Amino acid sequence: MAGPESGSDKPKSDAGNKFAAKGSEAASYVGSPAVGTSKAAAAAGLATVGPQQSEINERRRRFVWFAVTGFLTAWFLAFLRFFLPRTLFEPPTIFKIGYPSDYSLGVDTKWQQKYRIWVDRTPDRLFVIFARCTHLGCTPDWKASENKFKCPCHGSGYDSEGINFEGPAPRPMDRAHVELAPDGQIIVDVSRLFQWPKGQPSRFNDPGSFLEG
Ligand code: FES
């Protein structure tokens, strides 16, 4: 039968050894260590922060600083943006498109991308169609092989002079004001449009809606 000493003779576990070491360290203090000091923590058996722990804390601290700095920068940029003018840059409404002799019979699409117009020459006049479907405002395509404009949105069709003949478009496409500049070039003004509303007289023969010849 083992005596009371036999248990203490057995090898102690590492945890037991550490505890004993801390106990002996605490026992070597004379008096009570001040509260909050490392000695007090050691005396109470609290674990100190190791190098790995402090590295994790350092990473956390950096992350928080990074997040706070990013937030403040974004906020400051938004604040500055508030004072900048919100200008919408649109193409000019009045421009020159060259000389009447530059255009032959039929539809010329070279200004479609830049000014959203087509130049249309018939045997007796030259006029400019504003390339906007009168249904909901899409830009129709010129189908040279079919000699017509076709709207890709809902299928409205217009003849070579922009007169609607199929689909939901309620009226012909508008025409822009045209006149000759002193240098002989054509000046187009798309802020002044001539319309032919459904059931009403056409404005397509008004002065400024076409050029003779
Ligand atoms: S917008 Fe052209 S048919 Fe509807």
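**Loops and an open sheet**

Mentor: R116 is partly exposed, with 15 other C-beta atoms within 10 Å. Here a residue is buried if 20 or more other C-beta atoms lie within 10 Å of its own, exposed if 12 or fewer, and partly exposed in between, with C-beta atoms placed from the backbone. The model is predicted: local features need pLDDT of at least 70 and side-chain atom pairs count only at pLDDT 80 or more, while totals for chains, interfaces and linings use all residues. Residues are numbered from 1 along each chain as its sequence is written.

Trainee: Near what value is phi of R116?

Mentor: R116 is found in the loop between α5 (112-115) and β3 (117-121). Helices (H or I, at least four residues) and strands (E, at least two) are DSSP runs, numbered from the N terminus. R116 is a residue other than glycine, yet its phi is positive, near 60°.

Trainee: Is N147 buried or exposed?

Mentor: N147 is found in the loop between β5 (141-143) and β6 (148-150), and its phi is also positive, near 55°. N147 has 11 C-beta neighbours inside 10 Å, so it counts as exposed.

Trainee: Which strands stand at the edges of the open sheet?

Mentor: The open sheet has 4 strands in the order β5-β6-β7-β8, with antiparallel pairing; two strands pair if DSSP finds at least two bridges between them. One side of each edge strand is left without a neighbour in the sheet because each has a single partner strand; these are β5 and β8 (164-166).
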